Amino acid sequence: MGSADYPGFNYRVAAESSGIVARSVLGGETSPVYALGPRSKYYTRFGGVSGTHEPTTLPFPDPVLICGYLFEFENFALSFLGSRVHDSRTSGSLYIPDPAVPANGFTVEFDPLFFSCLGGLTTADLANGPFDHTPSYWNADLSALAASFTPKVGAECDPGEAFFTLGVRAYASNIATAFHGNLLFYPDGDLVPGADPSSPPGRDSRLSPASIVRFDGPGGEVYNFTPLHAAYLNRHADAPAGFNGTAQGFINLVGLLDVAFFRDLEVHIHTGARRENTTDPIHIAGGWSESGSDFFTTDNFDLGNRGFPPAADPAAYRAGNTPAWRVHARQEWLDVVNFDYDLLWDTTARAFRSRSPRSSDLLVVSARHRLKHLSAATAEIDFGAALDIEVPEISLAGLTPATPVFDAVNGVADLLTDALLDGLNASERLLNDLADDFFKDVFAATLDPITDTLAAALSELGEEANLQQAIDDLLGPAFTALRNQFLFASNIAGTVTNTIDAELALMEAGLQAAADLFANAGTSSDPQYTLASTILGAVLEALDAPMYANLLASIGGPALDAAINQALRDRTATIEQVRSNLHQVRAVVAAVRSAGHLGNEMRDAFTGAAAFLDDAQDRIRDALDPDTFAEWAATEINVLIRTAVRDTFNASPLIGDFHRILRSYVYELDAAMRSGLDSAFAQINIAIIGLVDAFLPLDGPLAGFLGDLAGSAASGRIDGYARIQGDALRTLRLDADFEFSLPDPFAFNGYLEINQLNSSGSSTCAFGAPGDLVTEVKLGAENVKVGWLGKELRFNIDTKFTFNPAAATRLVGMAGQMEMTGGTVDFEAFQIDDLGAATAFGATENYLAAKVGILFNGDRIFGGVFFGRTCSLDPLQMVDPDVARVLPAPNPTFTGVYAYGQAFIPIVNVGCLFRVSAVAGIGVFAFAEDATVGGKMLLGADARAICAVNVGGEIVLVGTKAGNDMNFLGSGRIYGSAGAKPLKVEFDKKVTLTYKNRKWDYDY
């Protein structure tokens, strides 16, 4: 502005003047008095005040509270234009405490800081540009991009009511893409949620994610997650008691998770908030409801940013202790089978499984089933009655020396058990609230010998002695040694940093032991989990000896070992994922140790606490009252001194830094280690269930089929699987015992298949337009033993039920056939050795087909019949393959009748001297489509004379007449022989006959 005057009233501070003072109103608070400098100059007009405002020196040498936030100023100068701040030369810093441990907060340096005309805080430029920082409670990697102050709702004109706002780029562990948003901080360091009535609209401390978020699944799979809400960090103030100490804050993501076959899962994810981190646990819950609203029906649910249900513990919410909090996998298959599983998420295996079996009606039968595995690309559903068997489970809680699990595992691999326990105990010590476990070595080397001497000396001093001087003389050298051991922690054995490293080494060894639990002694294509197999057998025997004995009796010792390994091999993909994650966490622990970052941060914290260490001796001395020492014994004095020292340290900022640094490195690693162990044990539990399901099936009565079939068919001992390809479940197969009433019980062990098929052809037989989906249920068996009529026979069985989801009556067809492949049925002088039947009823196919072959006193009689409508040649193929060969494919059906009979006829039989016999057969058929009619003829004869001459022949003719065309096709043979060797003469010729429109042709 220079020294010139401007229109209006001009005010300036003369260079030679002194004592001109001022006050400022900043954020509604009146500042202390300060002196104005000579560059201060103002002029006033009707348009307002303009000019330069600059104190002689920094007016606020001490920290200043503005809007409740703690500021420190390095410079304070402003220029005004029309009563508005035009420029600012105000620099300094703002401290945001940690909501859990205030001393663990972070500092935001600004240059400059701007104010409104009323002294309200507006914006602040970051002094050194964007910077990274990590709020301690959340251990969140944040990149600060901009800073400002947001007026509270209704207080836009009140300069004292504003929230500090930080524009950030944030991250979620296990996710590569970044999040962006504005975090509003309370003066205590907690986050301002949208539920706060004073929070401005759209300022809810939430973070915008990408439209699709991805994170790794098992075996190279990738989950696609579609956020439905902005992400957010939980509020510290809402964390329940006991969850504030060692527990870390977390980031929340809510949306839809794409998985195989099932509809997208509605999920609420908790995980860490660290960049480029892949070891933090991912916790997945299903959300909760309040007043009829939830994440998936309400846009602004949980505006308080609590992150878990009211009056709940986050751990209980993540575990799904209340059914309403669980994730559900739902899918309606073929519009008739409803799958609905409540799920368990395995954060180490990165996959889901159902918590318990369910029952469903599968069109014709009811079956128990459970979801064995669900991930981004694969799903496995297991069926069977044995799913309800209660089996013993191994858990992390059972891995203590007082449990049978420990004895069983320890008996197989004691070194592995020791390493696991040592690793778990080490991580627990690292996260302990008190630092005693870590400082004990330091205290033992520096303080304890002196306090012993001091206590003994004080107890012997007389009343006239200077007790305070005695304390100083004895405590001083001990404290100097303690101070040096902290300040030079890297150079002295037995320091805190070395103790921490030793604990991390135990964690590393424990993680390696957990991975070694499933060491593969074979190859990738032929895995041999020898150690896990041995442990599984030992644990099962220890926890349920009768079940183990039943398995042993069922399949034998060597076979049981192979079965146990096979049960684990069935889990190979998941087991390898668990091992990989355990190795990854172990590698992170090793990297923390080798890189030295944790030790460096710890040493920096101790070195930065030099002032505290210098002052701590006086604090400890002040805490001791020597006047009372004369009344106490030496042991009591010793306890008093040690307590004073420890209390001083435990209440110090140094301990706050100590816990903050440890938590930032160890908390997620501890959670990942425990999750990995739980996942490893879960594989053994699932393998046990598989063994029981396979080798100890439940016996029980057969249950009738569903609906109208209940009185004529039954099933039992169901076992099976579902084949899922991507999002399509194409085939569901169940093996079971079946029984039909024919009318005698017809019992066999077969399979039931439910297939999702694509329609083809016209709607007559395809139940819909081309491309529509239809459902086919097949029940069958191949060359299976059948108990029927008191005989043990063998049959091929093939029956099917067809459903059209779009039809009013969904069951549109039933068809089946059975053909005897072994055994005979005897009735008096008759013996049936060839038997087959097929039938179908429904909207598109209705037919009856049968064939029978009978021996009567050594003579053969054969016949077959078909009548009705069919969409395929299968029933005719069974009755007479010759006829099926000359017929075209149904277009779209065959509707008509076919009948055939043949017999072997003995004419004369006096042995080899003279024997004549003949065979004759005739059949006719007619089909409505294309007015096709036709027939089949079989003629043959065989003769033998004087035991030396044998002649004969046989021919089959099958013909059709369609319109004016008559076509026959025949084939046969003629044969003969005369004489005896070496003069014997033989011939055997194949004959082919064709007839078309009155013209014959033959060839032989």
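Predicted model: local features only at pLDDT ≥ 70, side-chain atom pairs only at ≥ 80, totals over all residues.
The protein chain contains 18 helices and 51 strands, and of its 1004 residues 48% count as buried. Among the contacts in the chain with a separation of 6 or more, 56% are accounted for by residues 24 or more positions apart. The chain exposes about 44900 Å², of which carbon and sulfur atoms supply 53%.

Rolling a probe the size of a water molecule over the atoms shows where empty space is left. A search of the whole structure finds 3 cavities of 30 Å³ or more, and the largest cavity holds about 80 Å³ of space. The lining of the largest cavity comprises L344, D346, A349, A351, F352, R353, K372, H373, R571, T574, Q683 and I686, which divide into 5 nonpolar, 3 polar and 4 charged residues. At least two lining residues come from each of β29 (337-346), β30 (351-354), β32 (365-374) and α15 (653-695), and β30 gives the most, with 3 residues. The loop between β29 and β30 includes R350, a residue that has a positive phi of about 55 degrees although it is not a glycine. With a relative accessible area of 7%, R350 is buried.

The second largest cavity has a volume of about 40 Å³. Its lining is formed by I96, P97, D98, P99, N104, G105, F106, P135, S136, W138, F185 and G189, and by class this lining has 7 nonpolar, 4 polar and 1 charged residues.

A positive phi of about 55 degrees is also computed for E276, which is not a glycine. E276 is found in the loop between β24 (265-271) and β25 (283-285), and because its relative accessible area is 77%, E276 counts as exposed. A further backbone feature is the cis peptide bond that joins D111 and P112, with omega at about 5 degrees; P112 is found in strand β13 (residues 106-115).

Strand β10 (residues 78-81) contains S79, which counts as buried because its relative accessibility is 16%, below the cut-off of 20%. When residues up to four places away in sequence are not counted, S79 touches G51, T52, R84, V85, H86 and D87.

The buried residues of α3 are L416, T417, A419, L420, L421, G423, L424, A426, S427 and L430. An α-helix has 3.6 residues a turn, so residues three or four places apart point the same way.

Helix α10 (residues 557-569) has 13 residues, and the distance from its first C-alpha to its last is 18 Å, close to the 18 Å expected at 1.5 Å a residue. Within α10, the buried residues include L560, A563, I564, N565, A567 and L568.

Definitions and conventions. Residues numbered from 1 in each chain as written. Heavy atoms only, no water. 1 Å grid on protein atoms, 1.4 Å probe; cavity = no way out; pocket = protein on both sides within 12 Å on 5 of 7 lines; lining within 4 Å. Points joined across faces, edges and corners; volume = space filled by probe spheres on them. Helix = DSSP H or I, 4+ residues; strand = E, 2+ residues; numbered from the N terminus. Nonpolar A, V, L, I, M, F, W, Y, C, P; charged D, E, K, R; others polar. Buried < 20%, exposed > 50% of the residue type's maximum accessible area, 1.4 Å probe, protein only. Contact = heavy atoms within 4.5 Å. Areas by Shrake-Rupley, 256 points an atom, 1.4 Å probe, with all protein chains shown as cover. Expected span 1.5 Å × (residues − 1).
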